[in-house]
Amino acid sequence: MRKTAPRLGFAGALAAVLLLGGIATGPTAQADERHGKEPTLADLAQRHGRYFGSATDNPELVDEPYKALLGSEFDQITPGNGMKWYATEPQQGVFDFSQGDEIVNLARANRQKVRGHTLVWHSQLPAWLTEREWTARELRAVLKKHVQAEVRHYRGKVFAWDVVNEAFNEDGTYRESVFYKTLGPGYIADALRWAHQADPRVKLYLNDYNIEAIGPKSDAYYKLAKELKAKGVPLHGIGLQAHLALQYGYPTTLEDNLRRFSRLGLDTSLTEVDIRMQLPATEEKLAQQAEWYRDLTEACLAVRRCVGITLWDYTDKYSWIPAFFPGEGAALPWDEQLAPKPAYFALREALGGR
């Protein structure tokens, strides 16, 4: 059963902003409170042994107010695009890690940890990879070289990798990517093994959307994870993207789903969280969105091996939603002016803050 808590409307959110008097951070929540500062979302999450992060992308880093909030409110960053294949190996065998490096360096300066995203995905691949036919032997060598080169480059600089991203269709069948069609389903185990060889300490995840609730797609991941674990393949966690939409309903079996992966000995993370709505945003929709943010945070806190939550960027100013879902948006806890919305205060409440 989902818990409920008082909802903040526009007036309540505004009052809370005035009470906060700005958002600041320090090395610990206790230090903040001693100096009269409100603890950040990251500070509050750390009290539960969790991280609270945000994705970001390189073009946004020239926005200084945005960059300041990114560096102060969160303790984890995911590069939205800079570590994907098209960016890191634009020509075969020619690697460019500059975009990922920029975000890693920013995170290190802010004492934030970095989630690597993503090594193997059917999308955002360079033309040299997609515009020719490969034999299984050729593509296997290409895949191994890419995975190991990138993981070695970021060895010791990232705490986890989304090794394979979005491997299944909605009905639980394998997505027919170039990797699946050429190499078969074994490419997933191979990619995990190669990543582990390149960095034995990094946590290795499979990551996907629409697997928050128990159903055919999440069942496919559960079955695959169980098989991989039985074979000794190095898999450490499942990333549930949590791109939700108000019009499709809340995934009420989220907590149960997190628990069943935990019982396999796996960590879980909510890796790309946003909750979109059909525009225009109304006070009622924003209140419902806030409740959902609260609910998914409480679900993660209720499961010991749910290790953290990452927003898919934290502000509507840089959300991917409007470009991909016309007529939808307002998906994140901060608005386009970087002002906190009711969802932000719901997150604070769920994490035990004011």
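Analyst: A disulfide here is a pair of cysteine sulfur atoms within 2.5 Å. The model under discussion is predicted.

User: How many disulfides does a search of the whole structure find, and which residues does a disulfide join?

Analyst: The search, run over the whole structure, finds 1 disulfide. With an S to S distance of 2.1 Å, a disulfide joins Cys-300 to Cys-306. The count is therefore 1 under the 2.5 Å cut-off, and the residues joined are Cys-300 and Cys-306.

User: Is the disulfide of Cys-300 and Cys-306 left-handed or right-handed?

Analyst: Handedness follows from the torsion about the S-S bond, which is about -100° for Cys-300 and Cys-306. Because of that torsion, the disulfide is left-handed.

User: Are Cys-300 and Cys-306 buried or exposed?

Analyst: Buried means under 20% relative accessible area. Cys-300 has a relative accessible area of 1%, and Cys-306 has 0% relative accessibility. Cys-300 therefore counts as buried, and Cys-306 likewise counts as buried.

User: Is strand S9 enclosed by the rest of the structure or open?

Analyst: Strand S9 covers residues 306-311. Of its 6 residues, 5 are buried, so S9 is largely enclosed.

User: Which strands pair with S9, and in which sense?

Analyst: S1 pairs with S9 over 4 bridges, with Ser-54 having Leu-311 as its bridge partner in S9. Strand S8, residues 267-278, also pairs with S9 over 4 bridges, and Gly-308 in S9 is the bridge partner of Ser-269. The strands are S1 and S8, and for S1 with S9 as for S8 with S9 the sense is parallel.

User: Where is Gln-289, and is Gln-289 buried or exposed?

Analyst: Gln-289 sits in helix H13, residues 283-302. Its contacts include Leu-246, Met-277, Leu-332 and Lys-341.

User: How far apart in space are Gln-289 and Ile-275, C-alpha to C-alpha?

Analyst: Ile-275 is among the residues that Gln-289 touches. In sequence, the two are 14 residues apart. In space, the C-alpha to C-alpha separation of Gln-289 and Ile-275 is 6.5 Å.

User: Which side chain joins that of Thr-271 in a polar contact of 2.8 Å?

Analyst: Thr-271 lies in strand S8 and, at 1% relative accessibility, counts as buried. Residues touched by Thr-271 include Arg-115, Gln-241, Thr-310 and Asn-207. The side chain in the 2.8 Å polar contact with Thr-271 is that of Asn-207.

User: Which residues touch the most other members of the largest nonpolar core?

Analyst: In soluble globular proteins, nonpolar side chains tend to be buried together. The largest nonpolar core here has 93 residues, and helix H10, residues 186-198, gives the most to this core, with 8 residues. Leu-206 has contacts that include Ile-188, Leu-192, Tyr-221 and Leu-235. The residues that touch the most other members are Trp-161 and Leu-206.

User: Which residue caps the N-terminal end of H4?

Analyst: The buried residues of helix H4, residues 64-73, include Tyr-66, Leu-69 and Leu-70. Those buried residues pack against helices H3, H6 and H15 and strands S1 and S2. At the N-terminal end, a side-chain oxygen lies 3.2 Å from the backbone nitrogen of Tyr-66, and the capping residue is Asp-63.

User: Which residues are joined by cis peptide bonds with omega about -5° and about 10°?

Analyst: Most residues other than glycine have a negative phi, and most peptide bonds are trans. Thr-118, in strand S3, is joined to His-117 by a cis peptide bond with omega about -5°. Pro-280 is in the loop between S8 and H13. The residues are His-117 and Thr-118 for about -5°, and for about 10° they are Leu-279 and Pro-280.

User: What is the phi of Gln-124, and what is that of Ala-330?

Analyst: Gln-124 is in the loop between S3 and helix H7 and counts as partly exposed at 28% relative accessibility. Ala-330 lies in the loop between strand S10 and H15 and is buried, with a relative accessible area of 17%. Phi is positive for Gln-124, near 50°, and for Ala-330 phi is also near 50°.

Definitions and conventions:
Residues numbered from 1 in each chain as written. Predicted model: local features only at pLDDT ≥ 70, side-chain atom pairs only at ≥ 80, totals over all residues. Heavy atoms only, no water. Buried < 20%, exposed > 50% of the residue type's maximum accessible area, 1.4 Å probe, protein only. Helix = DSSP H or I, 4+ residues; strand = E, 2+ residues; numbered from the N terminus. Contact = heavy atoms within 4.5 Å. Polar contact = N/O pair within 3.5 Å; in protein donor to acceptor, adjacent residues only side chain to side chain. Core = buried A, V, L, I, M, F, W, Y, C linked by side-chain atoms within 4.5 Å. Pairing = 2+ DSSP bridges. Lists of a residue's contacts leave out its neighbours within four places in sequence.
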